[in-house]
Amino acid sequence: MCVSSGCHAGEAAAIRAGQSDSIAYSKVFAAILEEAGIKVDFISAPHGRKRRMFLDGVIALDCCASPIWRQAPGEGAVQLFSDAFHHSPEHYVFKKGQVIPIPTPEALRKLRVAKVRGFNYQYEDYFGSTVEVRDMEDVLDMLVAGRAQVGMINQQDFYRRMRLRPRMLELGEAHYIADLRVRVHKDHADFLPAINEAIARLQKRGVISAILQEVSISGEEAKPQKTVAVKVSESSSPGFQLAWRAILQEANIRPEFVDMPEERKRRMFTNGEIMLDCCTAPMWRVRPEEVSAQLWSDTFYLTREQYVFRAGEVREIVKPEDLLQLRVAVVTGFEYEDRPFFGVAVEGRDLSDVLKLLAADRADVGIISNVDFYTMTKDQPDTFELGGIRIRAQQKIRVHRAQAHLLPRINAAITRLNRDGILVELLEGNGADNLSAQE
């Protein structure tokens, strides 16, 4: 993983969009943005976190929701909605043979309702007892297990999930027709006309309905993927290695890890000796020979690259010129575009050396991600202290073009792991409370 503040302005201007965990709606969302001429970086994260990221302006666009589902405190003040691109019947769902009539919302007061954590529901005020779960798969499992009596799901999603994993379930009556829209942060209100025009054109040409129909009848998701063996890089970030292993396992890729100094790994990737590389951001891999060899996965996590100091010695650094009088601990092989502003660059082999150089008073400041800081300092919490945020970096998997066929399964693995909150849990670990508080 490399660090570059020279991309600070570009990173601030990058448009980030929330990745839908529905394959069908993800394809529709991508088609709308392409038609509107809006280039985005997709961010895959659990529902609750995506909503917080939108609220904070970290995500500018999100899909696909009805306004009635986005009424948490503060959301109304920052969101705008596109025209509806699809009307989706939302049904009650029950264990097979145990359908319960629900003529009015008041009937829900006597039932145990399975709900997805981070979702808002139209009749939530009428729910009796609730069982909160991670995702829609868990909702269906709770019903089959008898731990809940009713759930809510859209019709298309129900039939897709039943095709992939048949269960003793059946739909009840439709209780709501959801008007699905693109959500736009008010800071980016200028995107709304282009998005609405794109929706109108796609609807007129029948593109949206065709996408939804194609995904509905496709059996591609159900085909098991054979395990493939690939030579991959060991992450130079100890905080990311667990997440990297989880992505590979979920994608059914058997890795042959290569642990080399950062600069050597970069050469090996360019030469095709390493086929997958983690974890880094496109703005840190811009050498011409790299650009011609690499493809990028979806974003699986958004890090904060921050200054780190000895405890009690934090300094305010708001611009590169503030580094001119400081000794800066750096990792050999990492790129720092603001390096000309470093008073003295003190080289270390890896991120642990950055902290050792600080502790030994051989450097005044280092640069580290929030994930690595909490991973590497949890056993010595009073030794180091984080300073300000330099940049936010979109962490992705780098795929050699010779293995381009692996990209869809890697992206699908990222979507599943983030939908279930697994990557956040692995990356943030015991520091989760600290990390979430600073998002």
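## Disulfides

A disulfide is a pair of cysteine sulfur atoms within 2.5 Å. In this predicted model, the structure holds 2 disulfides.

One of them links Cys-63 and Cys-64, with an S to S distance of 1.8 Å. The link of Cys-63 and Cys-64 is right-handed, with 90 degrees about the S-S bond. Cys-64 also belongs to the lining of the largest cavity, where Cys-64 is among the residues nearest the centre.

## Largest cavity

The model has 4 cavities of 30 Å³ or more.

Strand β3 gives the largest share of the lining, with 4 residues.

## Second largest cavity

The second largest cavity has a volume of about 90 Å³. It is lined by 12 residues; Ala-45, Arg-49, Met-53, Tyr-301 and Leu-302 are the ones that lie nearest its centre. Two or more lining residues come from α3 and from β14 (301–310).

By class, the residues around the second largest cavity divide into 7 nonpolar, 2 polar and 3 charged.

## Packing of α9 and α13

Two packed helices are described by the angle between their axes and the distance between the axes. For helix α9 (residues 238–250) and helix α13 (residues 370–377), the angle is about 105 degrees and the axes are 7 Å apart. Helix α9 is therefore roughly perpendicular to α13, because angles of 65 to 115 degrees count as roughly perpendicular.

On the α9 side, the contact involves Pro-238, Gly-239 and Phe-240. These residues meet Val-371, Asp-372, Thr-375 and Met-376 in α13. The contact of the two helices has 4 nonpolar, 2 polar and 1 charged residues.

Note on methods:
Residues are numbered from 1 along each chain as its sequence is written. This is a predicted model: local features need pLDDT of at least 70, side-chain atom pairs count only at pLDDT 80 or more; totals for chains, interfaces and linings use all residues. Side-chain values use heavy atoms; hydrogens and water are left out. On a 1 Å grid over the protein atoms alone, a cavity is a set of points where a 1.4 Å probe fits but cannot get out, and a pocket is an open set with protein on both sides within 12 Å along at least five of seven lines; lining residues have an atom within 4 Å of a point. Grid points are joined across faces, edges and corners, and a volume is the space filled by probe spheres set on the points. Ala, Val, Leu, Ile, Met, Phe, Trp, Tyr, Cys and Pro count as nonpolar, Asp, Glu, Lys and Arg as charged, and the others, Gly among them, as polar. Axes are lines fitted to C-alpha atoms, for helices over the stretch in contact, and angles run from 0 to 180 degrees between N-to-C directions. Angles under 35 degrees count as roughly parallel, over 145 as roughly antiparallel, 65 to 115 as roughly perpendicular and the rest as oblique. Contact means heavy atoms within 4.5 Å.
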